[in-house]
Amino acid sequence: MSIVQDIRTAFNRRDNALIQLIWLNVLVFAGLILLKFILKFSSAIGYYPLIISQFQISSAFPVLIRHPWTILTYAFTHEEFFHILFNMLNLYWFGQLVREYLGDRRLVSIYILGALAGAAVFLLTYNFVPAFQDGVGTPMVGASAAVTAIIVAGATLLPDYTFMLILIGPVKIKWIAAVVVLISLAGVNGGNPGGEIAHLGGALLGFVFIKQLQAGRDLGRPVQAVGNFFSNLTHRQPAMRVSTPRRAEPVAAASASGAKKPAPAGQPLQDEIDTILDKISRSGYESLSKEEKQKLFRASQQ
């Protein structure tokens with residue numbers, strides 16, 4: 001199977017959000033490397049700053065107004081290998097935990113909202129805190145704010161969950177998250193204050209998201225609504241109506257417990273069909289497994 005087919009398969013699956021997030025980051029990273037290589041050999045490297053400015057967020061509001069999409073695209077953009085490596089490793093490790101307990105949609109919601117929160121704190125700090133104002137605008141790229149949101153969300157949800165760290169051993173996730181936040185606080189005085197400030201915005205979002213979720217409020221609903229809208233555009237399926245004929249049955253066919261008469265061999269039960277149709281109404285036809293699609297097809301042939 002080719003790489004292109006692997007990528008297509010990964011994005012066609014509806015229950016594969018974590019891998020899709022990683023793929024998006026890797027594809028942007030690879031694309032920028034390839035583009036930079038081509039520009040270098042064609043003596044047009046001077047165009048690269050113009051291209052990367054379409055992805056990175058700038059603290060200068062005039063620049064941001066001309067490139068509003070960068071408030072999100074920066075969180076999928078990396079230029080250095082170790083930057084993307086550590087971000088994607090952390091996204092995979094901690095994203096698996098969040099995905100297992102909260103599902104794909106909330107994982108994506110935390111990632112997107114963490115990126116937006118990081119961008120908001122970055123912009124506010126560089127425009128309203130005198131110590132950070134530079135008058136020209138500071139650019140920022142990287143998924144760190146979004147990943148930090150996922151780390152802190154996992155620690156808030158399951159503070160005593162234990163990770164096995166190389167050379168250290170078992171460590172509870174709450175201590176890992178605490179160290180991540182402390183490193184970000186210390187890094188504000190370092191060479192990448194903008195990135196570290198964005199990390200803190202992501203961390204705050206991850207904490208608030210879980211606390212609100214535990215209180216019965218899902219902050220990710222707007223993100224999920226937007227995702228559903230675009231998903232319906234790209235996965236539109238023809239309406240399918242399944243009807244199964246009702247047959248008169250003797251009263252004696254039912255047991256004393258009220259059990260329904262089993263369906264003919266090889267045919268799915270009506271309860272199964274109802275469950276599958278409910279799943280389609282919630283998540284779309286593409287969310288069905290291969291077995292569910294086969295059951296739906298067999299029922300439509302009755």
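Helices α6 and α8 cross with left-handed geometry in this predicted model. The protein chain holds 13 helices and four strands. Of its 302 residues, 36% are buried.

**Packing of α6 and α8**
- Two packed helices are described by the angle between their axes and the distance between those axes.
- For α6 and α8, the angle is about 35° and the axes lie 9 Å apart.
- On the α6 side, the contact is made by His83, Asn87, Asn90, Leu91, Phe94, Gly95, Val98, Tyr101 and Leu102.
- On the α8 side, Ser144, Val147, Ile150, Ile151, Gly154 and Leu157 take part.
- Sorted by class, this contact contains nine nonpolar and six polar residues, and no charged ones.

**Thr156 in α8**
- Thr156 belongs to helix α8, which covers residues 144-157.
- Its relative accessible area is 14%, under the 20% cut-off, so Thr156 counts as buried.
- Leaving aside residues up to four places away in sequence, Thr156 touches Phe207, Ile210, Lys211 and Gln214.

**Helix α2**
- Helix α2 runs over residues 17-41, a total of 25 residues.
- The buried residues of α2 are Ala17, Leu18, Gln20, Leu21, Ile22, Asn25, Phe29, Leu32 and Leu39.
- Cover for these buried residues includes α1 (3-12), α3 (48-52), α6 (81-102) and α7 (104-128).
- After α2 comes Ser43, which has a positive phi near 55°.

**Asp218 in a loop**
- Asp218 sits in the loop between α10 (193-214) and α11 (221-234).
- The relative accessibility of Asp218 is 13%; because this is under 20%, the residue counts as buried.
- Residues touched by Asp218 are Arg106, Phe209, Leu213 and Gln224, not counting those up to four places away in sequence.
- Asp218 and Arg106 are separated by 112 residues in sequence, while their C-alpha atoms are 8.7 Å apart in space.

**The chain as a whole**
- Among contacts in the protein chain with a separation of 6 or more, 66% are between residues 24 or more positions apart.
- The accessible surface of the protein chain is about 17,900 Å².
- Carbon and sulfur atoms account for 64% of that surface.

Conventions. Residues numbered from 1 in each chain as written. Predicted model: local features only at pLDDT ≥ 70, side-chain atom pairs only at ≥ 80, totals over all residues. Heavy atoms only, no water. Helix = DSSP H or I, 4+ residues; strand = E, 2+ residues; numbered from the N terminus. Buried < 20%, exposed > 50% of the residue type's maximum accessible area, 1.4 Å probe, protein only. Contact = heavy atoms within 4.5 Å. Areas by Shrake-Rupley, 256 points an atom, 1.4 Å probe, with all protein chains shown as cover. Expected span 1.5 Å × (residues − 1). Axes fitted to C-alpha atoms, helices over the stretch in contact; angles between N-to-C directions. Left-handed = near helix turned anticlockwise from the far one by under 90°. Nonpolar A, V, L, I, M, F, W, Y, C, P; charged D, E, K, R; others polar.
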